[in-house]
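Keep the sequence and the model side by side.

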Amino acid sequence: MLSKASNTLNRLSSKKPLKYTLYLSAVIIFFALILIPPIIGILTKVGSLERIADNPELMNTALGAIGASFIIGLVVAALDLLAGVPLAWLITRGKSRWLTVLDTLADLPFVVPTAALGYSLLLFWSSSGGISDLFGQPFISPGWLLVMVLHFTFSFPVVVRVVVGAMLDYKMEYERASRTLGAPPLTASRTVTFPIIKPSLIAAYTLAFARSLSETGATFIVAAGVFLNGPVFMQTVSNQFKSGTITQGTYEGATVFASLILIVASLIIFVLIRVVGQRLKLPFGHGLPTFEKKISYKTGAWTRNSIALAVFLFIVLIPSMFVALPAFQAIATGNTLVEAFTGAGIWASFWQSLTLSYGLAAVVTVLGIALGLPMAILISRKTFGKWLSTILDTLINIPIIVPSIALGVSLKFFWSNVSGVPEFLLLVFAHLAITYPYFVRSMSAAMERINVDMEEAAKTLGAKPLTVFRTIVWPITKYSILSGAIIVLTRSVSETGATLAVATKLQTAPVLIVNWVNSVRGTIAPIEGVTPLTVGLACGLLILFSFLVLLVLRLLTRKEKL
Amino acid sequence: MPEVKVVNVVKKYGKLYALDHVSLTIHDQEYFSLLGPSGCGKTTLLRLIAGLIDPDGGEIYIGNRRVDKDPPEDRDIGFVFQTFALFPHMTAWSNVLYGPKVKNYDAKQAETIGHEVLELVKLNERLNAYPSELSGGMMQRIAVARALAAGAKTLLLDEPLGQLDAKVRNDIRYEIRRMAKDLKLTAIHVTHDQAEAMSISDRIAVMKKGKIIQIGTPKELYMHPNSLFVAFFIGESNLVEGYITALEGKTASIELRQGLKINAINERDIKLNERVVLAIRPETCEMKSGHIKVENGLQGKIEKTTFEGTVVRYEVRLINGDRFVISRPSLAEEWVSVGQDVTITYPIEKAHLFPYPENGLSDEISV
């Protein structure tokens, strides 16, 4: 029975009309669910811009906040590159066995949902019990500097991961050739290696910038009402509307204004980064090689590696994991742990939100794979021609570029016109829009790495398209599919900005943590039963679950690989 | 220009010896080839000399200077990679100027050097093209020009002709030698192609399994191989197995299978009754029609003929069952047909007698 069904599917897979229908459906769904709704959503509310035009003070606040978003994003992404490249260098070029451990540690902040990360940083840098104890006052007070440190912390692993990948793919022969021509190691890197991996450096910078621009939940925590960037401004306006401080018109006007500026400015900046980045040439610099020779060898390399490690350990890793401390304190204190696991009091809402987060992430991941896989094949195999592939490839990047809160707001405006859409479905659409590009990108890159000759060889041996996929493409790309799935899942579990924008009743885990932290800090009305210990434990549990899910997925991947 | 000296060099990968206590001296201005099958350690040795990998033991000298602890940029070498490794983000011209620039020459000086080396490699077109837009031959010339422009005193070439088609390869190999000689460079050329090595080298080191088996001029290696491996690897040899049944001065009588008897010169003083292998080159043999009783005659039947242009190659099944190959000039005599009985003779001074290898013949000649 099963083999009969398999034969039928195999036969169907070689029918061109069916194949093209599948690809076309993937394209239509991408436009209908991901690209067009936010555009229409924001356009339907353009009229509300009049409201903010009447309120110059609010408009100036919005502009200031958006400006701060871009400045922080651009500066943080540059700092990420500055610190991330030496660490990636150490990971890929070092000879110690411990570097594989370092490689894994570099991924850790990835799995910490940003809301928990924000609280962790707040505790480490600003609260008593953290590093501030050494100085008797907050080492870094909540505000723009802490926001920058936070953004650096969560975008740093993105840069390291991208650069490590690029360095592993890089043909060392070029650098060796440069050395034999008389270039010291640093000169060889500057004049040969970096220009060759420049597209990856630009991609790393872009992704770090996009992460910084989009992040909402953790920023809201560490900004603590004393600093506004774009997403925090939009969230603040939303809170003011909910508390009745401002009217719906002002809220919509301010939100549409901020979203439009964020979207348009992001697109312009991304195009500029691409254009300027591609034209940017590192100069040979007369005399520079002599200086570089002095710092290329033992002492220079040792200093560089030590600084890279110190930055990673003391600015990224330890602050990210610092929340474990109050989590352990909570476990040791009274019956907080028992209450947590029995779901007593406020913990019932925690478990509900955690279930919602993972349920939502699972649905989004499955949908992402189902819808993203045909699109990835379409782009990598250029099924509809080179031009269309390039256009689609560019379009799928848009949701990465657009700040997630702006995307969420636009989607909400669109779907609020369609009655009867359940809030869970709204959340699915929002998370799908945000995570879809990550899966397609990772998958199409993996597909491009497959030698087409292998697929053609299978076809000449009589395999139908479905069999080719099952026996050739899948075994080679399954690791990438699962990696893509992990990125989608963790991104969805972490997502706060778009969730806050589209959901009014449902509360995901990061949103709950943002609310709890703000309750503890007194920036919103206190929530009964929420104490610093409960927040610490909730963050600890969220991180623990993220670790466990990631571990299971990694083990599955490893098992599958064998 | 420098002499290159490698003393007792060891390189291990795990437990495997890529180079097993290798020593050799390459003379000043010599064009020297490292020849051997894949995995014999020739590229490893070249990379050690260049400083691209570190040895696990031994010493390397370029000129009078010990360099095995120096980075590649301080060794005054030029390295031509098999893949050329032209920088893809630079034009051909920028690739050539790379060395002078990183060595802090001023722009005018760098350009003068660039023009000089391009004249030397006879390339003055498409200099603004990127490597991906150049033909294999052009990329090869740019790679050599780049190495020369950097002021190399020792030119290291790692299978530099491997990526080129046969015709271009034949032309360029002589040009590389001419350039090295004109500039009075010491050149070390790695190849697995014995014809290439024979045609351009002053001397060749034949390598196998991380060791140097023989060093000599092409003629020495061809005429006087010191081992069965060299006899088999350099040119082509028929390997005939037998036992020494009589010794008379330097002449040994050898009995092959089925009682077939021939003679050989016993250069290695192999003892009576020892098992031996006689290496006879196909091109040194004569062939007559019919089975004739002559001294050092091997009777057999033609099984296959192959026309190879300048020569015709005959595969003969000897009457004792052994297979024997001979080649004859294609235009100088009439061709012999398949199925015809023939008698093969050879000059004994051109056949080489070796003791039967301890590990067996196939292991000895395996590449």
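In this predicted model, 20 residues of chain A are in contact with 22 residues of chain B. Which helices supply the side of chain A that touches chain B? Helices α8 (172-180), α9 (185-196) and α14 (288-296) of chain A each give at least two residues. The largest share comes from α8(A), with six residues. By residue type, this side of chain A divides into 10 nonpolar, seven polar and three charged.

Now turn to chain B. Its domain assignment gives domain 1, residues 4-230, and domain 2, residues 237-365. The C-alpha centres of these two domains of chain B lie 38 Å apart.

Start with the sheet of four strands. This sheet of chain B is open, and its order is β2-β1-β4-β5. The pairing is antiparallel. Strands β2 (16-26) and β5 (65-66) of chain B form the edges, and each pairs on one side only. Strand β1(B), residues 4-13, runs antiparallel to β2(B), and seven bridges join them. Helix α1(B), residues 42-50, lies across β1, β2 and β4 (57-62) of chain B. Its direction makes an angle of about 115° with β1(B).

The next sheet has five strands. It is also open and antiparallel, in the order β13-β12-β11-β14-β20 of chain B. One bridge can be picked out by residue: Ala246(B) has Ser253(B), in β12(B), as its partner.

Two loop residues of chain B deserve a look. Most residues other than glycine have a negative phi. Lys122(B) is not a glycine, yet its phi is positive, about 55°. Lys122(B) sits in the loop between α3 (107-120) and α4 (136-149) of chain B. Is Lys122(B) buried or exposed? Lys122(B) has 10 other C-beta atoms within 10 Å, and a residue with 12 or fewer counts as exposed. Therefore Lys122(B) is exposed. Asp269(B) also has a positive phi, near 50°. Its place is in the loop between β13 and β14 (275-280) of chain B. With 9 other C-beta atoms within 10 Å, Asp269(B) is exposed.

Finish with the interior. In soluble globular proteins, nonpolar side chains tend to be buried together. The largest nonpolar core here has 153 residues. Those with the most contacts inside it are Ala116(A), Tyr119(A), Val163(A), Ala204(A), Val222(A), Ile513(A) and Cys539(A). Take Ala116(A) as a way in. Leaving aside residues up to four places away in sequence, Ala116(A) touches Val323(A), Ile513(A), Cys539(A), Leu542(A) and Ile543(A). A second core is separate and has 109 residues. Among them are Met139(B), Ile142(B), Leu155(B) and Ala180(B).

How values were computed
Residues are numbered from 1 along each chain as its sequence is written. Chains are lettered from A and ligands numbered from 1 in the order in which they are written. This is a predicted model: local features need pLDDT of at least 70, side-chain atom pairs count only at pLDDT 80 or more; totals for chains, interfaces and linings use all residues. Two strands pair if DSSP finds at least two bridges between them. Two residues are in contact if their C-beta atoms, placed from the backbone, lie within 7 Å. Axes are lines fitted to C-alpha atoms, for helices over the stretch in contact, and angles run from 0 to 180 degrees between N-to-C directions. Ala, Val, Leu, Ile, Met, Phe, Trp, Tyr, Cys and Pro count as nonpolar, Asp, Glu, Lys and Arg as charged, and the others, Gly among them, as polar. Domain bounds come from an automatic or database domain assignment. A residue is buried if 20 or more other C-beta atoms lie within 10 Å of its own, exposed if 12 or fewer, and partly exposed in between; C-beta atoms are placed from the backbone. A nonpolar core is a set of buried Ala, Val, Leu, Ile, Met, Phe, Trp, Tyr and Cys residues joined through C-beta atoms within 7 Å.
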